[in-house]
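Thanks for making time this morning.

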Amino acid sequence: MTSKVASLTDISIAITGMSCASCAGRLEKQLAKLAEIDTVSVNIATESAHIRLNSAISFHTLSRAIEQAGYGIATDDIHLDVKGMSCASCVGRVEKVLSNLNCVLDVSVNLATESAHVRVAKDCISSDTLISALHEGGYAANVHHETIEPNNAASPKIDRETSHLIIAALLSAPMVFAMILDAIGFELMPPAWLQFLLATPIQFWLGARFYRAAWFAVKAGTGNMDLLVALGTSASYGLSVFQLISEYLSPSAHQMGHYYFEASAVVITLVLLGKWLENRAKHQTTAAIRALQALRPDTATVRKQQGDIKVAIDQIINGDIVVVKAGEQVPVDGVIVEGSASVDESMISGESLPVQKTIGDKLVGGVINNDALLLIKTTAVGAETTLARIIRLVENAQAAKAPVQRLVDKVSMVFVPVVIAIAISTLVTWYLYNGHLQEAIINAVTVLVIACPCALGLATPAAIMTGTGAAAGRGILIKDAQALERAHNTNIVAFDKTGTLTVGKPRLLDTIATGDNAKKLLSVAAALQSASDHPLAKAVLQEADSQAIPILAANEAKTFAGRGVQASVDGKTYILGNTRLMREAAIPLDQLEDKAKALENQGRTVSWLAETGDTATLIGLLGFGDELKPSAKSAIKRLQNAGIKTVMITGDNEGSARANAAELGIETYFANILPDGKADAIQDLRNENTIVAMVGDGINDAPALAAADVGVAMATGTDVAMHTAGITLMRGDPALVADAIDISRRSYQKIRQNLFWAFIYNLLGIPLAASGLLSPAIAGAAMAFSSLSVVCNALLLRRWEPKP
């Protein structure tokens, strides 16, 4: 949905991507082509476009014109909590209200979380404007604020609905018991005047919410569940009042028949019961968020010159030294500067075993210090901490709308008008059939009551919320509903090797020099690697340190992406890298080529060291070994058993790649692949029948992660991992890949089940009601059960456990 900018309007839009005055002229020229634009002025200093319109224009058209010029619209995301939505029809109405506003680019409304995510042009519209528009449409709204809520706490909404339900139950109880006794032959129904007194407060006090929501729906030219309930109960209540007045005015006349006060009262009570149960169930679907929020302590102990002082968490700044005692939660992200302790990271990474941490190691806020005093230097606080980013990620995933839900929303928009038409047809048909107006009205009321768009609206979001929450509790962060949907269809998983299938900490195992270059080989290699943080560089430096070899100074260092490095040492230029780099530099490798192939066949990664210049000279080779992760082989086996093809992509040589692939049981592999070539390898794997997932570390694999249908990043909450990949694994265990696909498949299984039952319920229930085979009370109970059933079915995902 896109908004339409009204005519004769001046608007200012923040523009991204402009770098000079020619950019401003280019954008002005492009926008001036639109007939709806009267004048346009682009300011490069403020990076904005001021536009005067002479007629209405779709904001999407405006956005597309700016993009065609090569620029973009700066955007803001506004997250609103929306109150008053009762069914899937309300979702469509809220989206329509917001989408019709100027400067709104995209809207996604979630019934289960009662929230709206709105993407707007930056500084073009305020949240107050959005809230006002929703208020005029009949909904209350406010800007979403993160709150820390105890995991077992009931919401104020549930408390209020509990009291309303109890009152409704007490008022309707005498009529319900009388209905039950009447079914077994005892006529103890209260007199008509008492039924009227009991039913009236239920109808107009406790049921006022239905009338308010129905009125706003009618004003908006649409319908919702509240309109159906209001029409149905009003009809049965009104018929009973008419009979009561007629009998009072003509006491000697023949009685008109049965009163239906109990039908209206019981229907409203049952709907309230259904809403109460539904809200309690939905409250459980957000348990994952509340559990994460509970990890954030309110205070922390900070070490100052005058001593240790306890401060509020929001008063800590980067660089502060935080004191964490044994048994306490780490309040911030930071680096250990003093102490060593066992740390429980299960609530963040899903890792059940404690991890030993010492000086220099990073810690994430929210983990628990098990057994010793630690001093931590703060590196991130507040919204920038890993925990805060995880919470935002899970919230966004739970609020996102799956593509299948958009089809359901379209169905829901026409659902209520169709049901009302069926109810009118039922009324007319029954009256023409037997001439009994009461029976015709009651059958029509039953049609109105049993129809339930709520189940349709909750079917998808309830499953997504529970599935993503269950995954987050086990170290799997699913970024959005699109990633969840694509992941369940995955049939190829491509793994980067280093750091994904291997430990990522290679060791230098072999040094083979030419001639008398044995000492020179390691010394010069260490010099060239002294400024690098590449895993192979660390292995070289570690070996040089263990042999007490002094590291020489390297100058004019240069890096060749995916191939190696070059630098000047003692006035001579050397290159260190793979075979491809040596070939490019025309270095003869004949002396050691056989030994290199033998090492590669053992799974070693080989780097060559050579001196360049007038006479290129080979100095020697280095052989590196990197252990496979303990779970790598079983993880590959699990995927293959699930019918998923596994592929390995690596920059290593052919021999090393072949050996590692054989050990892991992977048949297809790509060797000698540069970082920018991994994305091309992913494209080679893709065709119209495949969904490819790429698993990498989220940094140098970013292009491949973006190119894949599903990007899976093994990370510890880094920005690159969270932004590039659709799924982030909070610990480097390849087994989590199979777990992520498994929870995705189970979540979509629940979505399909929920949608099936929601549609079948209405397809069967409405004809039964129209046929006169159901009473309004039974229809009300069935409607309440339908919504509750889809939420409870989704909640079964909370029992999901990863396979060992």
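Predicted model: local features only at pLDDT ≥ 70, side-chain atom pairs only at ≥ 80, totals over all residues.

Let me start with arginine 583, which is partly exposed, with a relative accessible area of 48%; for this term, buried means under 20% relative accessible area, exposed over 50%, and partly exposed in between, with a 1.4 Å probe and protein chains only. Residues are numbered from 1 along each chain as its sequence is written, and side-chain values use heavy atoms, with hydrogens and water left out.

Which residue does arginine 583 form a salt bridge with? The partner is glutamate 593, and the closest N and O atoms are 3.0 Å apart, where a salt bridge is a side-chain nitrogen of Lys or Arg within 4 Å of a carboxyl oxygen of Asp or Glu. Arginine 583 lies in helix α19 (residues 579–584) and glutamate 593 in helix α20 (residues 593–601), so the pair ties together parts that are 10 residues apart in sequence; helices here are DSSP runs of H or I with at least four residues, strands are runs of E with at least two, and both are numbered from the N terminus. Glutamate 593, at 23% relative accessibility, also counts as partly exposed.

By this rule the count comes to 14 salt bridges. Another of them joins lysine 520 to glutamate 611, with the closest N and O atoms 3.7 Å apart. Lysine 520 sits in helix α17 (residues 518–529) and glutamate 611 in strand β26 (residues 605–611), so this pair ties together parts that are 91 residues apart in sequence. Lysine 520 is partly exposed at 26%, whereas glutamate 611 is buried, with a relative accessible area of 17%.

Those two elements come up again with helix α18. The buried residues of α18 pack against α17 and β26, as well as β22 (507–513) and β27 (617–625). These buried residues are Leu536, Ala537, Ala539, Val540, Leu541 and Ala544. Helix α18 (residues 535–546) has 12 residues and reaches 17 Å from its first C-alpha to its last, close to the 16 Å expected when the span is taken as 1.5 Å times one less than the number of residues. Just after α18, alanine 548 takes a positive phi of about 55 degrees.

Leaving aside neighbours within four places in sequence, leucine 27 is in contact (heavy atoms within 4.5 Å) with residues including Ile15, Met18 and Tyr71. Is tyrosine 71 buried or exposed? At 7% relative accessibility, tyrosine 71 counts as buried, and it lies in the loop between α2 (59–68) and β6 (72–73). The C-alpha atoms of tyrosine 71 and isoleucine 15 are separated by 6.9 Å, although these residues are 56 residues apart along the chain.
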